[in-house]
Amino acid sequence: MTRTTPLTIADLTATRSVHSPAPGGEWWRDAVIYQVYPRSFADGNGDGIGDLPGVTARLDHLKQLGVDAVWLSPFYRSPQKDAGYDVADYRDIDPLFGTLADFDEMLAGAHERGLKVIVDLVPNHSSDQHVWFQEALAAAPGSAARERYMFRDGRGPAGDEPPNNWQSIFGGPAWTRLAPREDDGELGPQWYLHLFDSTQPDLNWENPEVRAEFEDVLRFWLDRGVDGFRVDVAHGMVKADGLPDWDGKAAMVEGTVADDGSTGAGNSGPMFDQEGVHDIYRAWHQVLAEYDGDRALVAEAWVEPLSRLARYVRSDEMHQAFNFSFLTTPWDAATMRTVVDVSLQTMESVGAPTTWVLSNHDVVRHASRFGLQEIGGRQLNGIGADDPQPDAALGLRRARAATLLMLALPGSAYVYQGEELGLPDHTALPDDVRQDPSFFRTGGAEPGRDGCRVPLPWVGGAPGNGFGPSEKTWLPQPDAYADLAADRQYGVAGSTYELYRTALELRRAEKLGTSTLAWVDALSADADVVAFQVAGVTVVANLGTTPLALPADAQVLVASGELTDGALPGDTTVWLRA
Ligand code: GLC
Ligand code: CA
C-alpha cells in the first residue's frame with residue numbers, strides 16, 4: 001500500500017509506542033562510535049600508510065564531527081598478512097603505526113577531547129609469526145606448545161588428507177600441513193586449523209593457558225586506559241567437539257533474510273556460535289568490571305537470527321554487538337521496518353542497547369552498495385573493475401538517506417571513517433595493487449575488501465589528497481576523492497560532512513539515543529516509507545520514487561536532500577518537528 005493523500009500533522013503524531021531502550025547510564029548505551037582504520041586514516045610520516053601520529057593530528061576532525069568514541073582497527077605488531085588482523089605481539093605497536101608512546105599520546109589526546117577509545121582484540125587466531133606459533137612449530141606433536149593451537153593428524157592411511165572438510169572464510173581449505181620432519185610419526189606431519197589465511201592459525205580456546213593469556217592482554221590495555229574492546233570473530237573461538245565435517249560455506253558477510261525478517265550471515269556451522277564462547281565473555285565481563293568508567297566489550301559476531309546475537313550481550317557478557325542484520329538490509333521499506341523493529345525488541349529482551357552500522361572495513365561502503373540498483377545494494381564482498389559499476393549519484397543519495405535514518409535510532413551507532421565525507425569504494429582497483437588475502441585465496445573470484453580501505457582525502461587536489469606529507473597512498477584513490485575531501489566540505493551547507501555534523505548535534509541535544517521509538521501509524525504499512533518518532537523528532541524516510549507531500553506546518557530540522565515544493569522526494573530522509 002502506498003499513500004496518495006497528503007500527510008497532516010495529526011497523521012505524524014498518531015503513533016504506536018513500542019520500543020523503550022533498557023535503562024542504564026553507561027556511555028556506550030547511546031554512543032556514536034567512529035571506526036578508524038589506522039592504515040588508511042591519516043599518514044604522519046609520509047610512507048603512504050596511516051599511523052597513530054596521523055590519528056592524533058586529526059582528532060579535532062572527530063571532535064568537530066560530534067562523535068562520542070573511536071574504535072581503532074588493529075595497530076599491533078604484525079606481518080600485515082591480513083592488514084593487522086594477524087597479530088604477532090598483542091602488547092606492542094607495529095613500527096608501521098608508531099610506538100607505545102605514540103599510542104599513549106593518541107589516547108590522551110582523545111580523552112582530553114572527551115572521546116572514548118576502543119581497541120580491537122583478535123583472539124580467534126594469532127599471526128604465524130607469534131612466538132607461540134613459532135614454538136609450536138619447533139615442538140613435537142602432542143606437546144604443550146602445540147596445544148595452544150588447533151593441530152591435528154591428517155586423515156587417510158598416510159595422514160595426507162585434511163582432518164576435516166572445513167573451508168577457510170577467505171577461500172581454500174581451512175587446514176595447512178606442516179613440512180615433514182624426522183620426528184613425524186606414522187601419519188606424517190600434522191595439520192593446523194586456520195579459519196582465515198594460512199598465516200592466521202586458530203588458537204585453542206579449550207586450553208586454560210590461552211584464556212589466561214588473553215585476560216592478561218585485556219588488563220594490559222585496560223591499565224593503559226582504553227575504554228573497551230571490539231572483539232574480532234567473537235562467534236568463532238570455540239569449535240564443536242570432534243570438529244565434525246560440514247558442507248556449508250562459512251562467510252563473513254552473507255546477507256540472507258531470515259524468517260523473522262532479519263538479515264545477516266548464515267553462519268551456523270560447527271566453527272561458529274558454539275555455546276562455549278559465552279563462558280569466555282562471562283570471564284571477560286568480570287575483568288572489565290574490576291575497572292572504573294564503564295569499560296565495554298563489543299562483539300563482532302556474524303550470526304543470525306538476531307535472537308542468537310542477543311545471547312552475546314546478556315547482562316553478564318558483552319555490552320554491545322554489531323548489528324549486521326541492519327547492515328545487510330536491502331533498500332526496501334518493509335524489510336527496513338522489520339529489521340529495526342526486531343533489532344530493538346531482541347536487544348531490549350536482554351537489557352542491551354541495539355547497535356546500528358552501515359559500513360566497515362570488511363564490506364563495500366554503503367555509498368557504493370546502494371548505487372548498485374539491480375541487486376538492491378546487496379553486494380558486500382567487494383566490487384571489481386569488471387563488475388557492473390555503481391551509480392555514484394544514486395548511491396550517495398541513498399547513503400545519506402540511510403545514514404540520517406540510522407542516526408535517529410535509539411541505541412549506539414557506528415560510523416566508518418570517510419562515510420562522513422560520502423566516500424564511495426574504489427570499485428575499479430587494478431588487480432596488481434590488491435592486498436586482501438581473500439582476493440588471492442579465491443583466485444580473484446572475490447575482489448576482496450581493498451576497495452573500502454582506500455586512504456582518506458583530507459585536502460582536495462593536494463598530493464595524495466592530503467593523506468599525509470607525501471604523495472604516497474598505499475592504495476590509489478579514485479578520482480572522485482578530490483572533490484569529496486574533508487577541506488572541501490567543512491562549513492559547506494549541504495555537504496555530507498555538514499549533514500553528519502548537524503544530525504549528530506541534534507541526536508545529542510534531543511537525546512535520541514536513549515529515547516523511546518514509536519512507529520507513525522499512518523505510514524506503518526506504506527510500501528516505500530519508513531516513519532517513526534523518537535523523543536521530539538519525527539523521522540520520515542522515502543525509499544521509493546514517488547514524492548511524499550509533507551504537512552506544510554511541520555518544521556524541517558534536517559534533510560538528507562532538498563525537498564521539492566514541500567514534498568519529500570524518493571531516496572530522501574527528513575527529521576521533522578511535528
Ligand atoms: C574480522 C575482521 C576482518 C578480518 C577477520 C579475521 O572479521 O573484521 O577484517 O579479516 O576478522 O581476523
Ligand atoms: Ca605512515
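# Notebook: salt bridges, calcium site, cores and backbone

I started with one ion pair: the side chains of Arg77 and Asp92 meet in a salt bridge, with N to O at 3.0 Å. The two partners come from distant parts of the chain, 15 residues apart. Arg77 sits in strand β4 (residues 76–77) and Asp92 in strand β5 (residues 89–93). I checked the accessibility of Arg77 and got 35%, so Arg77 counts as partly exposed. I note here that the model is predicted.

**More salt bridges**

I counted salt bridges over the structure and found 35. I then picked out Glu275 and Arg311, whose side chains meet at 2.9 Å, N to O. This pair also links distant parts of the chain, 36 residues apart. Glu275 is in the loop between β12 (263–264) and α8 (277–289). Arg311 is in the loop between α9 (306–310) and β14 (320–321). Their accessibilities fall in separate classes. Glu275 has a relative accessible area of 46%, so I list Glu275 as partly exposed. Arg311 has 19%, and the limit for buried is under 20%. Arg311 therefore goes down as buried.

Next I looked up Asp292 and Arg295. Their closest N and O atoms are 2.8 Å apart, and the two form a salt bridge. Asp292 is exposed at 56%. Arg295 is buried at 12%.

I also asked which residues are linked in a network of salt bridges. They are Asp82, Asp362, Asp436, Arg449 and Arg453.

**Calcium site**

Which residues coordinate the calcium ion (ligand 2)? I find Asp43 (OD), Asn45 (OD1), Asp47 (OD), Ile49 (O) and Asp51 (OD). The distances run from 2.2 to 2.4 Å. Along the sequence these donor residues are spaced D-x1-N-x1-D-x1-I-x1-D. Asp43 is at 5%, so Asp43 counts as buried. Ile49 is buried too, with a relative accessible area of 15%.

**Nonpolar cores**

I went to the largest nonpolar core, which has 144 residues. The residues with the most contacts inside this core are Phe75, Phe103, Phe229, Tyr281, Trp284, Phe532 and Trp575. Helix α11 (residues 333–348) supplies the largest share of this core, 7 residues. Another core lies apart from the largest one and has 16 residues. Among them are Ala174, Trp175, Trp191 and Leu193.

I took a look at Ile280, which is in helix α8. Ile280 is at 2% relative accessibility and so counts as buried. Leaving out residues up to four places away in sequence, Ile280 touches Trp205, Arg211, Met237 and Val238. I also took one C-alpha to C-alpha distance: Ile280 and Phe220 are 18 Å apart in space and 60 residues apart in sequence.

**Whole chain**

How many helices and strands does the protein chain have? I count 16 helices and 23 strands. The radius of gyration is 24 Å, close to the 25 Å that the globule rule gives for 578 residues, so the chain is as compact as a globular protein of that length. The C-alpha trace spans about 85 × 50 × 50 Å along its principal axes. Buried residues make up 62% of the 578 residues. For contacts with a separation of 6 or more, 71% join residues 24 or more positions apart.

Domain 1 covers 1–20 + 516–578, domain 2 covers 24–126 + 208–499, and domain 3 covers 127–202. The C-alpha centres of domain 1 and domain 3 lie 57 Å apart.

I checked the backbone angles last. Most residues other than glycine have a negative phi, and most peptide bonds are trans. The peptide bond from Glu304 to Pro305 is cis, with omega near -5°. Pro305 is in the loop between β13 (296–299) and α9.

Ala83 has a positive phi of about 50° although it is not a glycine. Ala83 is in the loop between β4 and β5. At 14% relative accessibility, Ala83 counts as buried. Asp565 has a positive phi as well, near 50°. Asp565 is in the loop between β21 (555–559) and β22 (567–568). Is Asp565 buried or exposed? I read 83% relative accessibility, so Asp565 counts as exposed.

Notes:
Residues numbered from 1 in each chain as written. Chains lettered and ligands numbered in written order. Predicted model: local features only at pLDDT ≥ 70, side-chain atom pairs only at ≥ 80, totals over all residues. Heavy atoms only, no water. Core = buried A, V, L, I, M, F, W, Y, C linked by side-chain atoms within 4.5 Å. Buried < 20%, exposed > 50% of the residue type's maximum accessible area, 1.4 Å probe, protein only. Helix = DSSP H or I, 4+ residues; strand = E, 2+ residues; numbered from the N terminus. Donors = N, O, S within 2.8 Å, 3.2 Å for Na, K, Ca; no water. Salt bridge = Lys/Arg side-chain N within 4 Å of Asp/Glu carboxyl O. Domains from an automatic or database assignment. Rg over C-alpha atoms; globule rule 2.2 N^0.38 Å. Contact = heavy atoms within 4.5 Å.
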